[in-house]
Amino acid sequence: MDKDRIAGSAKDFAGKVESTVGGVTGDAKAEAAGRVREGTGSAQNLYGQAKDAARQATDTAASYGKAAYDNSGDAFRDGSQAIADKVQENPLGSMLIAGAVGFALGLLMRRQPQRLPPSRTRYFG
């Protein structure tokens, strides 16, 4: 619990007591001051609640991130093992696929950039 929530609740309670005492005694000034203190206490309490909610959301996001990071190594190992199993099941197909990918990359890297033909402009000098 945040200290702003505690202080806000205390101010809210003190403001209610002050406004009640002012209302009973007929002192309008004390009653108004109590209502002001009650309002500031409520606002401070809400501010403390917002800080608590933000802290809780941050902690939750951090725990989700840590869990995802911890599980990422397992997912990578599982994927690597699945690929290794597929290669062991069908080595010829794997070699053909790897060769096709290598050939396509070689073509893409060797390809000359296309040049635009020179522009044909007329000179009316």
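**The first helix in its setting**

A: The chain holds 3 helices and 0 strands, where helices (H or I, at least four residues) and strands (E, at least two) are DSSP runs numbered from the N terminus. The radius of gyration, taken over C-alpha atoms, is 37 Å, well over the 14 Å that the globule rule gives for 125 residues, so the chain is more spread out than a compact globule; that rule is 2.2 Å times the number of residues to the power 0.38. Along the principal axes, the C-alpha atoms fill a box of roughly 95 × 75 × 15 Å.

This is a predicted model, in which local features need pLDDT of at least 70 and side-chain atom pairs count only at pLDDT 80 or more, while totals for chains, interfaces and linings use all residues. Residues are numbered from 1 along each chain as its sequence is written, and side-chain values use heavy atoms, with hydrogens and water left out.

Helix H1 covers residues 3–25, 23 residues in total. From its first C-alpha to its last, H1 reaches 33 Å, close to the 33 Å expected at 1.5 Å a residue; the expected span is 1.5 Å times one less than the number of residues. Just after H1, glycine 26 takes a positive phi of about 85°.

The buried residues of H1 are Asp4, Gly8, Asp12, Gly15, Ser19 and Gly22. Buried means under 20% relative accessible area, exposed over 50%, and partly exposed in between (1.4 Å probe, protein chains only). An α-helix has 3.6 residues a turn, so residues three or four places apart point the same way. Helix H2 (28–89) is included in what covers the buried residues of H1.

Serine 19 of helix H1 shows this setting in detail. Its relative accessibility is 7%, and serine 19 therefore counts as buried. Leaving out residues up to four places away in sequence, serine 19 touches Ala30, Glu31, Gly34, Arg35 and Glu38; a contact means heavy atoms within 4.5 Å.

For the chain, 12% of the 125 residues count as buried. Among contacts between residues at least 6 apart in sequence, 58% join residues at least 24 apart.
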